[in-house]
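Visitor: I would like to learn how to read a structural model feature by feature. Could we take the general idea each time, and then the case at hand?

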Amino acid sequence: MTDEQQPDEARPRTTGVTLSKRTLIIAGAAAAVVLLGLGGTIGALAMNSGQDQPAATTAAAETAPAEAPSDEPTVTEDIVTAPSPTPTAEILPLNTEFTVAGATMTVTGAEVMQTIPTIDGATLTAEPGQQLVLVHTTYTVSGSKAVDLSCSGGDGTYIQAYDTDGNEMAPIFETSSIAGNPGCNEYLSHGATHAWNFAYSAAAGTTPAGLSVTDSNTFDTTVLASLR
């Protein structure tokens, strides 16, 4: 006996709608078509998204206006290097021995005078508004050259004298006639020591301050020695 032949009481009862096999086949085919269509649409969207994004970026880069040149200074232009502080030169006190080039010297003092007697009986006299300064030193020949102090000066030395206002005093080239110095053309050999006194002219009322002794061969060494 088939299902169709079974009485109503023997057949199982179901709730809802019963679909035939033909209807289910048609519905399944339609669902497959829809899924395929959605899959193709999603794939196309993904491809378009991957291709369009760089293009959009490139277009934005191509159409972006170039930055106008700025007048603002660069960072390096704003940096100002602080000047290095200039070290204060040491001034040697009186009676301090020092060596410059071939000369070893000691400044022993300075006198302010209106006249300086000479060994030939004449007198060095200050001009109006001026005064004379007599500097006393001892000199030892430490270089290899013989030295004529009175006519040629020290071996490799360039000497300047200053007052307390920083003004340079003017040298008086009468060293050979000042008492206590060796005579002109009287050479001192290596190791010899002698008094060496020389004079300057300065503005009246000023105070002698220092003696600057520079290596005249290289000009890379200067010693400052106090005159008082």
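Guide: Let us start with accessibility, where buried means under 20% relative accessible area, exposed over 50%, and partly exposed in between, with a 1.4 Å probe and protein chains only. Asparagine 95 has a relative accessible area of 54% and is therefore exposed. This is a predicted model, in which local features need pLDDT of at least 70 and side-chain atom pairs count only at pLDDT 80 or more, while totals for chains, interfaces and linings use all residues. Residues are numbered from 1 along each chain as its sequence is written, and side-chain values use heavy atoms, with hydrogens and water left out.

Visitor: Where is asparagine 95 found, and what is its phi?

Guide: Helices (H or I, at least four residues) and strands (E, at least two) are DSSP runs, numbered from the N terminus. Asparagine 95 belongs to the loop between β1 (91-92) and β2 (97-100), and its phi is near 65 degrees, a positive value in a residue other than glycine. Most residues other than glycine have a negative phi. Asparagine 185, in the loop between β8 and β9, also has a positive phi, near 65 degrees, and its relative accessibility of 56% is why it counts as exposed.

Visitor: How many helices and strands does the protein have, and in what order do the elements run?

Guide: There are three helices and eleven strands, and from the N terminus on the order is α-α-β-β-β-β-β-β-α-β-β-β-β-β. Of the 228 residues in the protein, 27% are buried.

Visitor: Is serine 201 buried or exposed, and which residues is it in contact with?

Guide: Serine 201 has a relative accessible area of 17%, so it is buried, and its place is in strand β9 (residues 193-203). Contact means heavy atoms within 4.5 Å; leaving aside neighbours within four places in sequence, serine 201 is in contact with Gln130, Gln131, Leu132, Met169, Ala170 and Ile172. A polar contact is a pair of N or O atoms within 3.5 Å, where within protein one must be able to donate a hydrogen and the other to accept it, and residues adjacent in sequence count only if both atoms are side-chain atoms. The side chains of serine 201 and glutamine 130 are joined by such a polar contact, of 3.2 Å.

Visitor: How does threonine 214 read, buried or exposed?

Guide: Threonine 214, found in strand β10 (residues 208-215), counts as buried because its relative accessibility is 7%. Its contacts, with neighbours within four places in sequence left aside, include Val100, Tyr158 and Phe219.
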